[in-house]
Structure formats: C-alpha cells, structure tokens
Amino acid sequence: MPNLQRYACKLTRDVSAAEDLTQDCLARALSRQHRFEPGTNMQAWLTTMLKNLHFNNLQREKHVTKVELWDGAMSVEASQIARLVFRDVDRAFGALTPSQRKVVKLVAIEGRPYQEAAEKLNVSIGTIRSRLCRARERLNNLMAA
C-alpha cells in the first residue's frame with residue numbers, strides 16, 4: 001500500500017487526490033479480486049489498475065466544466081442531476097438481457113456470493129462470471145453513450 005500511495009502521489013501531485021485514488025484502486029481491486037491470477041505479481045496488477053484509474057479520471061475531467069463561485073453566491077443542491085443519472089442507469093439496466101439483469105441484481109445489487117447466485121439460477125459459477133462481465137461492459141457502454 002505505501003508503494004501505491006507513493007505512485008498515486010507521483011501521478012496526481014496532490015496528497016489528498018492520491019489518497020482518494022489509492023482508495024478507489026483498492027476498492028476496485030476488491031471488487032475484481034476474482035480476476036487476479038494467483039502466482040502473478042499483485043503489485044504490478046494494483047499499479048496498473050491505479051494508473052488506469054488515474055487516466056480514466058483525467059479523461060472524465062475533460063468533460064466537466066468547472067465554475068468558480070464568488071462568496072455571495074447561493075448554492076442549490078442538484079437533485080435534478082441525480083434524477084437524470086438514476087433515469088439513465090434505469091434505462092441501461094432495462095437494456096440488459098433478462099439473464100444479465102438477474103445476475104446483476106443478485107451479485108451487484110443484493111451482494112450475493114457467486115456460488116449462491118449460481119445455485120439460485122441453476123447455472124455454473126463460470127456462467128455467472130461471464131454474464132456479470134458482459135452485463136458490466138454493456139452498462140458501461142450504455143452509460144458512456
């Protein structure tokens with residue numbers, strides 16, 4: 001973890017941003033631990049993940065307009081943005097195949113283990129993993145469009 005933190009500091013040139021990046025990297029690693037191949041270099045896997053997250057964040061920031069407010073400006077909570085995001089996620093979720101929706105609901109939303117989802121849907125764990133992977137890719141593509 002100290003190596004990841006140092007590398008994140010080098011990439012971001014900001015201690016608090018580096019802490020956030022490191023935390024995001026570790027959260028992503030935990031959610032994708034099934035993709036790690038035992039016997040390979042975990043440090044390299046985590047470092048690559050951290051670097052990719054950083055570059056993804058930089059790409060995302062290109063599309064964000066930053067506005068500076070003066071002291072007397074009023075702030076309003078942007079609930080309409082949350083509603084729009086929820087609407088987009090709901091539409092993307094609805095565009096999945098029924099089998100992909102079931103797997104996403106069981107594993108990603110309800111947090112069930114792969115084994116339990118496999119038993120409930122009467123399929124193998126490999127099928128659960130492939131459906132979930134395809135569903136995540138499809139959701140990412142639909143949300144990016």
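This is a predicted model: local features need pLDDT of at least 70, side-chain atom pairs count only at pLDDT 80 or more; totals for chains, interfaces and linings use all residues.

Guide: Residues are numbered from 1 along each chain as its sequence is written, and side-chain values use heavy atoms, with hydrogens and water left out.

Visitor: What is a salt bridge, and how many does a search of the whole structure find?

Guide: A salt bridge is a side-chain nitrogen of Lys or Arg within 4 Å of a carboxyl oxygen of Asp or Glu. A search of the whole structure finds four of them.

Visitor: Which residue forms a salt bridge with Arg112, the closest N and O atoms being 3.1 Å apart?

Guide: That partner is Glu110. The side chain of Glu110 also meets that of Lys105 in a salt bridge, at 3.3 Å from N to O. Arg112 in turn is joined to Glu116 by a salt bridge of 3.3 Å, N to O.

Visitor: How is burial judged, and is Glu110 buried or partly exposed?

Guide: Buried means under 20% relative accessible area, exposed means over 50%, and partly exposed lies in between (1.4 Å probe, protein chains only). Glu110 counts as partly exposed because its relative accessible area is 34%. Lys105 is partly exposed at 45%, and so is Arg112 at 28%. Glu116, with a relative accessible area of 34%, is partly exposed as well.

Visitor: How are helices defined, and in which helix does Met49 lie?

Guide: Helices are DSSP runs (H or I, at least four residues), as are strands (E, at least two), and they are numbered from the N terminus. Met49 lies in helix H3, which covers residues 42-62. Met49 is buried because its relative accessible area is 9%.

Visitor: What does contact mean, and which residues does Met49 touch?

Guide: Contact means heavy atoms within 4.5 Å. Leaving aside residues up to four places away in sequence, Met49 touches Cys25, Arg28 and Ala29. The C-alpha atoms of Met49 and Leu26 are separated by 9.0 Å, and these two residues are 23 residues apart along the chain.

Visitor: Where is the place of Gln100, and which residues does Gln100 touch?

Guide: Gln100 belongs to helix H5, residues 98-109. Gln100 counts as buried because its relative accessibility is 9%. Again not counting residues up to four places away in sequence, Gln100 touches Arg131, Arg134 and Ala135.
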